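Thanks for asking me to look this over.

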Amino acid sequence: MQESGYFSQYSPINGVWDEMYGVDSIREHYSKVIDYLSRESSEDLARKEELAQRLFMSQGITFTVYSSGEGIEKIFPFDIIPRIITADEWAFVEKGIKQRLNALNLFLKDVYNNQFIVKDGIVPIDIIYSCPHFLREMYQLQVPYDIYVHIAGIDLIRDHDGTFYVLEDNLRTPSGVSYMLENREITKRLFPDLLPQCCVRSVTEYPNILYKNLLSLSPRQISNPTIVLLSPGIYNSAYFEHTTLARLMGVELVEGRDLVVKNQKVYMKTTIGLQQVDVIYRRVDDEYLDPLVFNPASILGVAGIMGAYRTGNVAIVNAIGNGVADDKAVYAYVPEMIKYYLNEEPILKNVPTYQLSNRDEREHVFANINKMVVKKTNGSGGYGMLMGHASSDEEIEDYKKEILKDPRNFIAQPTISLSAAPCYMQGGLHPRRIDLRPYALCGPDGIEIVPGGLTRVALKEGSLVVNSSQGGGSKDTWVLA
Amino acid sequence: MPEFKIQHLTKYTYPAPVRDSANQIILYPIQDEWQEVIKQEIRISGDPVIDTFIDYYGNKVGGFTYSEPHSTLLIDSKILVQTKHKPLPGNDIFPAQQWEDLKHLRFMVPYIDFLRLEQFEGFDDLKALVEAEKSKEDTPYQAVLRFSRYVYDNFRYIKGVTSVETTMDEIWKLKAGVCQDFAHILTLMLRLVDIPARYVSGYICTHRSTIMRGEGATHAWAEAYIPDYGWLGIDPTNNCIANETHIRLAVGRNFSDCSPVKGVYKGTSDHRLDVSVNVGYEDDAPSMNQPVEFINTPPEHTEHKPLSNIPKNSYQRYLEMLQQQQQQQQ
């Protein structure tokens with residue numbers, strides 16, 4: 001392997017799995033990209049990086065960071081060097097996610113119907129019944145094809161030896177898929193020859209598969225059912241994504257005020273009168289979806305929509321009440337679920353998880369808090385978590401007080417060392433920590449996962465937090481054929 | 001076997017027409033060994049289709065919409081119901097055994113929701129109080145009676161000082177309220193000593209000669225689970241056992257699981273709510289067909305009241321919308 005200028009400057013982080021750099025050499029699947037980069041002058045690369053930024057800006061590919069106080073729309077930081085996954089790695093990940101999602105779907109059906117898994121003592125009953133997202137309104141409600149999770153974003157990380165772990169299951173309103181699609185579009189413009197040379201698999205089928213699945217859920221057997229994407233509105237962090245997906249699928253983008261329920265049917269207000277809605281891809285949380293049944297102060301929802309859903313006159317994607325399956329306290333039991341429902345050994349590993357409602361586990365966590373990450377069981381986006389190794393004593397003490405107020409709401413995990421991938425910064429390549437969120441689509445024909453996903457990057461040196469809302473960026477994700 | 005005719009009227013009047021209303025009613029008496037509905041008629045202005053289903057707690061729930069502009073909404077429920085006296089629990093089992101049995105219910109599906117405690121500022125005070133009140137020799141049944149007596153003696157019955165949104169903290173400070181607050185406190189006290197307790201909404205049908213609290217409106221009380229007996233109705237507002245004179249509409253964890261009438265509509269937040277409940281007896285003159293006067297005293301349940309946290313002016317409403325839209329995506 002010929003060492004390029006960029007590569008010779010590259011120094012992998014000790015004790016961390018590096019996606020590009022193996023034992024003393026570049027991994028085979030990165031070689032074509034590194035060869036290509038070594039032929040480019042540093043001016044060329046700098047130009048490409050600038051072009052990428054301008055494309056993001058001109059196409060309005062933004063992400064809202066609520067607490068930054070710097071204006072609500074920000075460019076989603078993008079690193080031009082792709083993250084590459086081999087065909088074998090992908091086959092493993094794909095198989096693992098499908099298995100996991102099958103089990104999670106069965107779990108949701110079970111927990112809202114017969115509750116076998118609770119009766120058999122596999123998942124403790126108090127964890128289910130104390131979860132705020134376990135919605136008794138969903139009890140014995142029949143959903144089309146028994147599918148609860150139509151769209152899942154499963155977060156994967158790799159430990160120091162390259163082993164994949166599932167960090168989180170996102171089964172409610174997973175976001176970020178539009179950035180997966182946009183990142184690829186940008187890469188096509190930056191490195192047009194590289195994609196075919198490296199045999200990178202395409203991700204563009206995503207909106208088509210999603211549309212096909214939404215279509216199949218229509219309760220009315222008609223040739224052109226009405227499908228809408230229900231957004232909270234323009235101030236939502238993922239509004240760019242809502243508009244992009246609606247556009248790519250050719251479905252209506254609506255807000256709660258555009259819909260009305262009449263006799264257990266949902267209608268969309270149009271310039272030519274009411275039009276019945278068959279399928280709703282909603283990006284509004286359960287709590288806000290129906291002010292009649294859930295939060296009465298909600299102005300984002302549609303009053304009576306739960307009744308229409310219960311009677312089967314409208315399909316809602318993802319199903320309501322999925323939060324009980326991606327609750328971080330329930331997460332710890334997913335490997336058990338796989339064994340229980342599928343009679344299989346879990347393919348993907350879970351990160352060890354301590355339940356802080358359990359006194360012994362809590363004491364162990366408090367004693368070793370420097371090696372722990374503590375998270376809220378129902379939080380997301382990296383808000384409200386504590387990274388033990390990077391927090392002051394005062395922060396830790398304050399957080400402990402929070403935990404003791406309601407221990408059920410917290411879990412802790414040992415700090416896992418995320419894998420690193422090369423990023424182009426300051427004119428050279430530097431390793432930064434990454435994760436991977438593939439998007440799985442579940443329809444009547446089974447589970448399909450487009451080969452790719454969103455690779456999020458912790459852009460700050462040494463940081464382990466990749467969440468976009470915490471200043472993380474992203475990379476194009478290549479799965480090789 | 002007592003038989004009661006009940007007419008329950010709920011009338012909303014809006015100063016300007018409102019539209020697109022979606023409503024939920026829980027006005028169907030529970031049917032079991034002790035309570036039989038012989039006849040029920042529900043009429044709603046605008047004649048909407050009512051779609052009913054059975055909820056998680058086994059209650060029959062109705063839903064209807066009313067899209068056209070309207071200035072009044074009248075829900076008229078007439079019921080002919082027959083009840084039976086449920087024999088009271090015996091005291092022939094050793095108390096220690098009964099308390100032991102209760103401990104095993106904590107992780108069982110039918111009871112787990114009715115043992116869940118809620119945190120509030122006065123929680124520790126309430127806990128201490130319950131410990132002090134409880135006597136070691138009590139059977140669970142005796143503890144239920146004792147706690148009901150406590151609530152009856154120590155909380156004043158005052159209409160209008162609380163609403164459906166009054167928090168436990170406020171009730172605890174006020175030491176006053178109406179039936180739903182009395183029921184709320186009692187369920188908490190019972191749960192603190194491991195007795196599963198649930199909230200019940202319904203009607204109180206007393207004999208003509210006695211006047212009981214909670215007449216003329218929907219009433220609320222509690223039910224406690226007694227081992228080897230089942231659910232025992234207990235009415236802390238009147239400090240009595242809720243038996244054949246209490247007609248049960250719904251059971252749940254709390255008021256919001258049992259809310260008899262609630263709705264959401266588009267239009268002015270101002271409105272007036274009139275509720276009346278009239279009870280007649282089988283041998284009475286046929287009151288079912290007679291017009292019923294609306295009471296003008298403040299109704300006990302004002303579910304439809306505008307929410308106190310809905311901002312009044314449009315700028316504040318805009319801020320509220322902005323805040324709601326910023327919900328975290330996963």
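This is a predicted model: local features need pLDDT of at least 70, side-chain atom pairs count only at pLDDT 80 or more; totals for chains, interfaces and linings use all residues.

1. Staying with chain B as a whole, it has 330 residues, and 36% of them are buried. Take the contacts in chain B between residues at least 6 apart in sequence: 74% of these join residues at least 24 apart.

2. Within chain B, have a look at helix H3 (residues 123-133) and helix H6 (residues 179-192), whose axes are 10 Å apart and meet at an angle of about 65°. Angles of 65 to 115 degrees count as roughly perpendicular, and H3(B) and H6(B) are therefore described that way. Their crossing is right-handed. On the H3(B) side the contact uses B:Leu126, B:Lys127 and B:Val130, while H6(B) brings B:Leu188, B:Met189 and B:Leu192. Sorted by class, that contact holds 5 nonpolar residues, 1 charged residue and no polar ones.

3. How many residues of chain A are in contact with chain B? There are 42, and they meet 28 residues of chain B. On the chain A side, the elements giving two or more residues are helix H6 (125-129), strand E8 (259-262) and helix H12 (305-310). This side of chain A is made up of 19 nonpolar, 16 polar and 7 charged residues.

4. Chain A also has an open sheet of 4 strands, ordered E7-E6-E11-E12 and paired in parallel. Strand E7 (252-254) and strand E12 (315-317) of chain A sit at the edges, each pairing on one side only. From one strand to the next, the twist averages 25°. Strand E6 (residues 227-230) of chain A pairs with E7(A) over 3 bridges, in the parallel sense, and A:Leu229 stands opposite A:Leu253 of E7(A).

5. What lies across E6 and E7 of chain A? That is H10(A), which runs at about 155° to E7(A). Helix H10 (residues 239-249) of chain A has several buried residues, among them A:Tyr239, A:Phe240, A:His242 and A:Leu245. A:Glu241 in H10(A) is buried too. Just after H10(A), A:Gly250 adopts a positive phi of about 70°.

6. Another helix pair to inspect is helix H4 (residues 87-111) and helix H15 (residues 334-342) of chain A: their axes come within 9 Å and cross at roughly 80°. H4(A) and H15(A) are therefore roughly perpendicular to each other. Residues from H4(A) in this contact include A:Arg100, A:Leu104 and A:Phe107, and those from H15(A) include A:Met337, A:Ile338 and A:Tyr341. By class, the contact of H4(A) with H15(A) has 9 nonpolar, 2 polar and 1 charged residues.

7. You will find A:Leu480 in the segment after strand E23 (473-479) of chain A. A:Leu480 and A:Ile85 are 395 residues apart in sequence, yet their C-alpha atoms are 6.3 Å apart in space. Leaving aside residues up to four places away in sequence, A:Leu480 touches A:Ile85 and others, including A:His29, A:Cys198, A:Cys199 and A:Val200.

How values were computed: Residues are numbered from 1 along each chain as its sequence is written. Chains are lettered from A and ligands numbered from 1 in the order in which they are written. Two residues are in contact if their C-beta atoms, placed from the backbone, lie within 7 Å. Ala, Val, Leu, Ile, Met, Phe, Trp, Tyr, Cys and Pro count as nonpolar, Asp, Glu, Lys and Arg as charged, and the others, Gly among them, as polar. A residue is buried if 20 or more other C-beta atoms lie within 10 Å of its own, exposed if 12 or fewer, and partly exposed in between; C-beta atoms are placed from the backbone. Axes are lines fitted to C-alpha atoms, for helices over the stretch in contact, and angles run from 0 to 180 degrees between N-to-C directions. Angles under 35 degrees count as roughly parallel, over 145 as roughly antiparallel, 65 to 115 as roughly perpendicular and the rest as oblique. A crossing is left-handed if the near helix is turned anticlockwise from the far one by less than a right angle, and right-handed if clockwise. Two strands pair if DSSP finds at least two bridges between them.
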